[in-house]
Amino acid sequence: YHGPGRRLVERLAARRLVDDRPFEPIAVRSGSDLVSLEVEPIGRCNLSCKHCFVQFSQQQMSEAVFAAALEGALALGAVELTFNGGEPLLHPAALQWVRAARRAGLRVLLFTNATLVDGDIAAELALLQVGRVTVSLDGFAAEHDALRGKGAFRQATAGIAALTRAGVPVHTTTVATPANDRHLAAL
């Protein structure tokens, strides 16, 4: 490949993430092409992040709406259900719904700020074999707290520690900004 993005392709190839074989389209699945469904159980968050563009509805999903979403996802052949938000763990039925999705055979992913995760929640997520928990970290304490509020880094990293101790796969995401760019390698 010699066009725009060549260096990116070279880096991916060095990691064996590029295949030189001719492109073969993904086979058409029967019925539906739905693979993953994302739900927002609650339109609220416990943090007030400076960079957040979400205008929260302050509403929370009802049991009936979640049941219909789960039923629809299964009927359409989904294999994965993602809980996002707001902060999904603020919803009183969040863990119950994760349990229902797992019982239905769906892989479950959770996006959270991790500030509400304690040992009990981490143990429950491990027991349910959640596929992945993704937590945003904006840098170390100074950078993270500057965007998300005082103490948010300590709470988030305590939540991440509880999850990893319990054996839950955790991914972190970081947006590179002028405030954190000098710390990215260390982070």
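Colleague: What covers the buried residues of α5?

Modeller: The cover of the buried residues of α5 includes β4 and α6. Contact here means heavy atoms within 4.5 Å, and buried means under 20% relative accessible area, with exposed over 50% and partly exposed in between (1.4 Å probe, protein chains only). Helices (H or I, at least four residues) and strands (E, at least two) are DSSP runs, numbered from the N terminus. This is a predicted model, in which local features need pLDDT of at least 70, side-chain atom pairs count only at pLDDT 80 or more, and totals for chains, interfaces and linings use all residues. Residues are numbered from 1 along each chain as its sequence is written, and side-chain values use heavy atoms, with hydrogens and water left out.

Colleague: Which residues of helix α5 are buried?

Modeller: Helix α5 spans residues 141-148, and its buried residues are Glu143, His144, Asp145 and Arg148. An α-helix has 3.6 residues a turn, so residues three or four places apart point the same way. After α5 comes glycine 149, with a positive phi near 120 degrees.

Colleague: What pattern does the chain follow along the sequence?

Modeller: The pattern is α-β-α-β-α-β-α-β-α-α-β, given by six helices and five strands. Of the 187 residues in the chain, 34% are buried. Among contacts with a separation of 6 or more, 71% join residues 24 or more positions apart.

Colleague: In what order do the strands of the sheet lie?

Modeller: Two strands pair if DSSP finds at least two bridges between them. The five strands form an open sheet in the order β1-β2-β3-β4-β5, with parallel pairing. From one strand to the next, the twist averages 20 degrees. Strand β4 (residues 132-136) runs parallel to β5 and is joined to it by four bridges; serine 136 stands opposite threonine 173 in β5. Helix α6 packs on the sheet and touches β4 and β5, its direction making about 150 degrees with that of β5.

Colleague: How is the packing of two helices, α4 and α6, to be read?

Modeller: Two packed helices are described by the angle between their axes and the distance between the axes. Axes are lines fitted to C-alpha atoms, for helices over the stretch in contact, and angles run from 0 to 180 degrees between N-to-C directions. Helix α4 (residues 119-127) packs against helix α6 (residues 152-166) at about 40 degrees, with the axes 8 Å apart. That makes α4 oblique to α6; angles under 35 degrees count as roughly parallel, over 145 as roughly antiparallel, 65 to 115 as roughly perpendicular and the rest as oblique. From α4, Gly119, Ala122, Ala123, Leu125 and Ala126 meet Ala162, Leu163 and Ala166 of α6.

Colleague: At what angle do α2 and α3 pack?

Modeller: Helix α2 (residues 63-75) and helix α3 (residues 94-103) pack at about 25 degrees, their axes being 11 Å apart. The two helices are therefore roughly parallel to each other. Glu63, Phe66 and Leu70 of α2 meet Gln96, Trp97, Ala100 and Ala101 of α3.

Colleague: Is histidine 91 buried or exposed?

Modeller: Histidine 91 counts as buried, because its relative accessibility is 5%. Histidine 91 lies in the loop between β2 (80-83) and α3. Apart from neighbours within four places in sequence, histidine 91 is in contact with Pro41, Ile42, Gln60, Met61 and Trp97.
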